[in-house]
Structures are given as C-alpha cells and as structure tokens.
Amino acid sequence: MAFRHGPEEVQMMVFFDYCRSMAHINPAYALAFHIPNERKASIARRVALKRAGLRKGVPDICVPVPNEKYHALYIEMKIKPNKASTEQMELLRHLNAVGNYAVLCWSSGEAMDILDKYIANKL
C-alpha cells in the first residue's frame, strides 16, 4: 500500500523544495522549518506532549530570521476547503502583535511569494 500525502503536506513539500533550491542565494531560506504540530496520538501521549510544550494553533512554518521590520516569519498553510482553527487565527494575531510577520497562505506559491518578499524586506 502506497503512502498518500495530503494536499497541505504536498504544498509544504513544494515550499521546502523551493527553500532548499534558494539557500545558495540567501542562507535565510535554509533556516525555514516545519513545526509538526498535527500529529495524532493516544490520549496519554497527547497529555505528555502538551506538558512538554505542544500547543494548539502553532503555525506550520517558521523562518527565524529577522528583517528590517519583523523578528521572524510564521506561515500557516491551508488548502481549501480546509479552514484555519480559532486557535490558529488567534496565535497568528498574537505573533503579529509582538513583532513577527505571521500569515495564513492558501498555496505553496503564495507562501513562496511571502517568503521572497519577507527576505527582501518588501513587506
């Protein structure tokens, strides 16, 4: 049986392939990483993960590189018809409020465009 990737996961793979391809131009691209917050686990494991700092609503992608205006870039990736949760939207607002650029993107192309603009200080 072949493993199937969901649409959001495929879009994130495209995004990270792009980051790897751009890292020779600007090392900031190589610092982007995925935050795997979507795992399914037993109740006991979820309790342990929560105690260890796992939190609902954390964006999918972090680029921990400051630019001229922001401390870091955070991207929550969604593919329609999926919607961002209340926790996700709330955390994006909080991240923005403390000096980050946190955004919801609907495709890898949109996320790559945001990243390029962020790195070029054009946001």
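Mentor: A disulfide here is a pair of cysteine sulfur atoms within 2.5 Å. By this rule the count comes to zero disulfides. Two notes on the source first. This is a predicted model, in which local features need pLDDT of at least 70, side-chain atom pairs count only at pLDDT 80 or more, and totals for chains, interfaces and linings use all residues. Residues are numbered from 1 along each chain as its sequence is written, and side-chain values use heavy atoms, with hydrogens and water left out.

Trainee: Are Cys19 and Cys62 buried or exposed?

Mentor: Buried means under 20% relative accessible area, exposed means over 50%, and partly exposed lies in between (1.4 Å probe, protein chains only). Cys19 has 2% relative accessibility, so it counts as buried. Cys62 has 5%, so it counts as buried.

Trainee: Now the sheet. In what order do the strands lie?

Mentor: Strands of a sheet pair through backbone hydrogen bonds, either parallel or antiparallel. Two strands pair if DSSP finds at least two bridges between them. Strands (E, at least two residues) and helices (H or I, at least four) are DSSP runs, numbered from the N terminus. Here four strands form an open sheet in the order β1-β2-β3-β4, with mixed pairing. β1 (33-34) and β4 (101-105) are the edge strands, each pairing on one side only.

Trainee: How many bridges join β2 to β3?

Mentor: Three, and β2 (residues 61-63) runs antiparallel to β3 (residues 73-77). Cys62 has Tyr74 as its bridge partner in β3. Val63 stands opposite Leu73. β3 and β4 are parallel, over five bridges. There, Ile75 stands opposite Val103.

Trainee: Which way do the residues of β3 point?

Mentor: In a regular strand the side chains alternate between the two faces of the sheet. In β3, Leu73, Ile75 and Met77 point one way, Tyr74 and Glu76 the other way, and all are buried. In β4, Tyr101, Val103 and Cys105 point one way, and Ala102 and Leu104 the other. Five of the five residues of β4 are buried, so β4 is largely enclosed by the rest of the structure.

Trainee: What does helix α4 lie across?

Mentor: Axes are lines fitted to C-alpha atoms, for helices over the stretch in contact, and angles run from 0 to 180 degrees between N-to-C directions. α4 (residues 108-119) lies across β2, β3 and β4, at about 160 degrees to β4.

Trainee: At what angle do α1 and α4 pack?

Mentor: α1 (residues 7-22) packs with α4 at about 35 degrees, with the axes 8 Å apart. Contact means heavy atoms within 4.5 Å. Gln11, Val14, Phe15, Tyr18 and Cys19 of α1 meet Ser108, Ala111, Met112, Leu115 and Asp116 of α4.
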